[in-house]
Every structure is written in structure tokens, then in C-alpha cells.
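Here are my notes on the model, point by point. Please read them with the coordinates open.

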Amino acid sequence: MAALETTRSAQFTNAPVGLNIARFAAAFTAWKDARATRKALSVLSDRELEDIGLTRGDIANFSAR
């Protein structure tokens, strides 16, 4: 379960709008990349995951890095 960080937006309240949009875009891109990684790893068999040194339980932790 992901934790919601509420202090981040308060730090950049006075930041220019373009900076906030850029940060949002970067966060959204990172989220999409993590989602694609989880999806790609979840279709692998347990044997294939073992070959790359992962278990099924590692998928969520691996893509969150």
C-alpha cells in the first residue's frame, strides 16, 4: 500500500505554475513506468522470475524503486 505524502505540495505552493506542471508530469510518467514494469513482471512464470532473481512477492517492491 502506498503512502500519501501531503507535505510535498505545500513546499511548492509559491512555485511557478510551469514548475508544478513539470513535477506533476514527471510523477505521472514515473507512475506509468512503474505500472508497466509491474504488468510485464506479473505475466512471467515463477521460473522466469526465479531466473532473474525475483519472486512473485518482489514485483511490487521492485517496481517501486
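1. Start with the side chains of aspartate 46 and arginine 56. They meet in a salt bridge, 3.0 Å from N to O. The criterion is a side-chain nitrogen of Lys or Arg within 4 Å of a carboxyl oxygen of Asp or Glu. Aspartate 46 lies in helix 3 (residues 46-51), and arginine 56 lies in the loop between helix 3 and helix 4 (59-63), so the pair ties together parts that are ten residues apart in sequence. Aspartate 46 counts as exposed at 51% relative accessibility. Arginine 56 counts as partly exposed, at 38%. The cut-offs are under 20% relative accessible area for buried and over 50% for exposed, with partly exposed in between (1.4 Å probe, protein chains only).

2. A word on the basis. This is a predicted model: local features need pLDDT of at least 70, side-chain atom pairs count only at pLDDT 80 or more, and totals for chains, interfaces and linings use all residues. Residues are numbered from 1 along each chain as its sequence is written, and side-chain values use heavy atoms, with hydrogens and water left out.

3. How many salt bridges does the rule give? The count comes to two. Besides the pair in point 1, arginine 47 forms a salt bridge with aspartate 51, and the closest N and O atoms are 3.7 Å apart. Both residues lie in helix 3, four residues apart, about one turn of the helix. Arginine 47 is exposed, at 55% relative accessibility. Aspartate 51 is exposed too, with a relative accessible area of 55%.

4. Now the fold. The chain has four helices and zero strands. Along the sequence the pattern reads α-α-α-α. Helices (H or I, at least four residues) and strands (E, at least two) are DSSP runs, numbered from the N terminus.

5. Check confidence before using any region. pLDDT is the predictor's confidence in each residue, from 0 to 100. The chain averages 79, and 69% of the residues score at least 70. Which elements have the lowest and the highest mean pLDDT? Helix 1 (residues 7-11) has the lowest, 52, and helix 3 the highest, 95. Helix 3 is also where arginine 47 and aspartate 51 both lie.

6. The aromatics come next. The structure holds two aromatic pairs. One of them joins phenylalanine 24 and phenylalanine 28: the pair is stacked, 6.3 Å centre to centre, with 15° between the planes. Rings of Phe, Tyr and Trp (its six-membered ring) pair if their centres lie within 6.5 Å; planes under 30 degrees apart count as stacked, over 60 as edge-to-face and the rest as tilted. Both phenylalanines lie in helix 2 (residues 17-42), four residues apart, about one turn of the helix. Ring pairs link Phe24, Phe28 and Trp31 into a cluster.

7. Are these phenylalanines buried or exposed? Phenylalanine 24 counts as exposed, at 60% relative accessibility. Phenylalanine 28 is partly exposed, with a relative accessible area of 40%. Phe24, Phe28 and Trp31 make a nonpolar surface patch of about 370 Å². Patches are made of residues with over 30% relative accessible area and no salt bridge: like charges are joined within 9 Å, nonpolar side chains (Val, Leu, Ile, Met, Phe, Trp, Tyr) within 5 Å.

8. Burial over the whole chain. Of its 65 residues, 12% count as buried. The accessible surface comes to about 5600 Å², and 59% of it belongs to carbon and sulfur atoms. Areas come from the Shrake-Rupley method with a 1.4 Å probe; for residues, only the protein chains shown count as cover.

9. Two contacts across the sequence deserve a look. Alanine 34 lies in helix 2 and counts as buried, at 14% relative accessibility. Alanine 34 and alanine 60 are 26 residues apart in sequence and 8.9 Å apart in space, C-alpha to C-alpha. Lysine 39 is found in helix 2 and is exposed, with a relative accessible area of 61%. Lysine 39 and isoleucine 59 are 20 residues apart in sequence and 9.1 Å apart in space, again C-alpha to C-alpha.
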